[in-house]
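This briefing is meant for someone opening the structure for the first time. It begins with a helix and moves on to the core, the pocket and some individual residues.

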Amino acid sequence: GQQSYTVTGRETGYNFAQTAADRGWLVTNPALNRQHSITHNQTFNSRATLEPIKDLTIDLSLNRTMTENTNDFFRYNDLSQQFESQSRFRTSTLSYSTISIGSAFEKLSAGYESANFKQMRETTKQVSELLGASNANSVGSSGGYRDGYGISQQEVVIGAFLASYTNGKLNNRSINPFNSMPLPNWTVNYNGLAKFEKMKKLTKNFVVRHAYSSTVTLGQVQSNLAATFDGNGSSTARDLNTNFIAANNVQSVTISERFSPLIGFDATWNIKKQGLITKFEIKKDRSSTLSLNNNQVTEVLGNEIVVGAGYKFPKVRMPFKIGKNKPENPLNIRFDFTFRDNLTVIRKIVESTEQATAGQKVISIKSSIDYNIGANLMVQFYYDQVITNPKIATSYPTGNMSTGIRFRFNLGGL
């Protein structure tokens, strides 16, 4: 049957409530208090796998998800003698994959100042010009900003944030997240090194990995009941700062970016006819959240290095006897080292201030030795330690260590 939206997400103009009223399916009661609700979900996922050369695989993925809920009271009005929509309210969420790698590798100054944030403040004037040019109700300009589109206007701030932190082109489509197209994220794996003649003697397996993902998420988007528009669909209502009131009230916009890993490899080395398993990864992540309630950007930055190794001795004889024989079973050794550097910075748009509010350097060591005493009994010696050094004066260094011996008895083999 007919729907209110097409497959591509465009509104068709079809109104089931009005159709029901025209056909006499609704009672002419002005006190009717049951809401008329429309839920629209749009999900787009795409995947592709490329193999440009042998043993090199590239997995691409892009996605876009939008959920929209519309509620109103569709009831009879005694004065107009017809059915009408009253107290219409719309809520929605949106997320889509993007590419923000162009702004990912900036170096902060000693005062944690960001070139991306500086660029964002400068871009607000360009976004203001774009929006003002498309609204005939915007007359003149002041301080580089078009009338009704100042530095704190919601659409100006969102457009400058997306353009600066994704390092994308500035146009009417890119500054509006609801019109933005999803862009691909990727995972790259190459396992051909172990097939070279010189590497065959050294390794059984050697895989180089790289993965990148970035997502834009809009949370708590609500229709703005104070917004009004002229016949051309341009905003007319203004707030206390004389800025035009946007159609939707957006609480926050978040760009979550992750290199997991930026570069990494897993290798199994030939040592005494056994496999020494090693792991190395450099990771990087960033979460930039624009809060429209107080016009500030909160950035959480993270860098991480992971080093791991494991080796299995096929037969290790214990110096003591259990029963009449000395145990001679496999022994596994595992060691993992992680160094992570976290930083949280709050950047205020209107005040143009930047301040670090949290951050720490964390060193984590995990090691274990496993030995199978018998078919059902395993003993493990472990040593774990975590050292935390904060970056701000309100916190203090901490250290935690745990070590001991565990015995594990498997009842399944009895």
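Helix H3 (154-165) is mostly covered, with 11 of its 12 residues buried, where buried means under 20% relative accessible area, exposed over 50% and partly exposed in between, for a 1.4 Å probe and protein chains only. The model is a predicted one, in which local features need pLDDT of at least 70 and side-chain atom pairs count only at pLDDT 80 or more, while totals for chains, interfaces and linings use all residues. Residues are numbered from 1 along each chain as its sequence is written, and side-chain values use heavy atoms, with hydrogens and water left out.

**Helix H3**

- Helices (H or I, at least four residues) and strands (E, at least two) are DSSP runs, numbered from the N terminus.
- The buried residues of H3 include Val157, Ala160, Phe161, Ser164 and Tyr165, and each of these is also touched by methionine 120.
- The end C-alpha atoms of H3 are 16 Å apart, which agrees with the 16 Å that its 12 residues should span at 1.5 Å a residue, the expected span being 1.5 Å times one less than the number of residues.

**The largest nonpolar core**

- The largest nonpolar core has 29 residues, a nonpolar core being a set of buried Ala, Val, Leu, Ile, Met, Phe, Trp, Tyr and Cys residues joined through side-chain atoms within 4.5 Å.
- Two or more residues of this core come from each of E3, helix H2 (115-133), H3, strand E7 (203-223) and E8, and H3 gives the most, with seven residues.
- Met120 is among the residues with the most contacts inside the core, as are Phe161, Leu290, Val297 and Ile349.
- Not counting residues up to four places away in sequence, methionine 120 touches Leu290, Val297 and Ile349 among others, where contact means heavy atoms within 4.5 Å.

**The largest pocket**

- About 1,300 Å³ of space lies in the largest pocket, a pocket being an open set of points on a 1 Å grid over the protein atoms alone where a 1.4 Å probe fits, with protein on both sides within 12 Å along at least five of seven lines.
- Its lining has 39 residues, of which Arg64, Asn176, Pro177, Phe178 and Asn179 lie nearest the centre; lining residues have an atom within 4 Å of a point.
- Strand E1 (36-53), strand E2 (56-77), strand E3 (82-97), helix H3 and strand E8 (248-271) each supply at least two residues of this lining.

**Backbone features**

- Most residues other than glycine have a negative phi, and most peptide bonds are trans.
- Glutamine 81, in the loop between E2 and E3, has a positive phi of about 60° and counts as exposed because its relative accessibility is 54%.
- Tyrosine 112, in the loop between E3 and H2, has a phi near 65°, and at 26% relative accessibility it counts as partly exposed.
- The peptide bond from serine 260 to proline 261 is cis, with omega near 5°, and proline 261 is found in strand E8.

**Valine 221**

- Valine 221 lies in strand E7 and counts as buried at 1% relative accessibility.
- Leaving out residues up to four places away in sequence, valine 221 touches several residues, including Arg90, Phe178 and Val250.
- Valine 221 and methionine 66 are 155 residues apart in sequence and 11 Å apart in space, C-alpha to C-alpha.

Terms used
Grid points are joined across faces, edges and corners, and a volume is the space filled by probe spheres set on the points.
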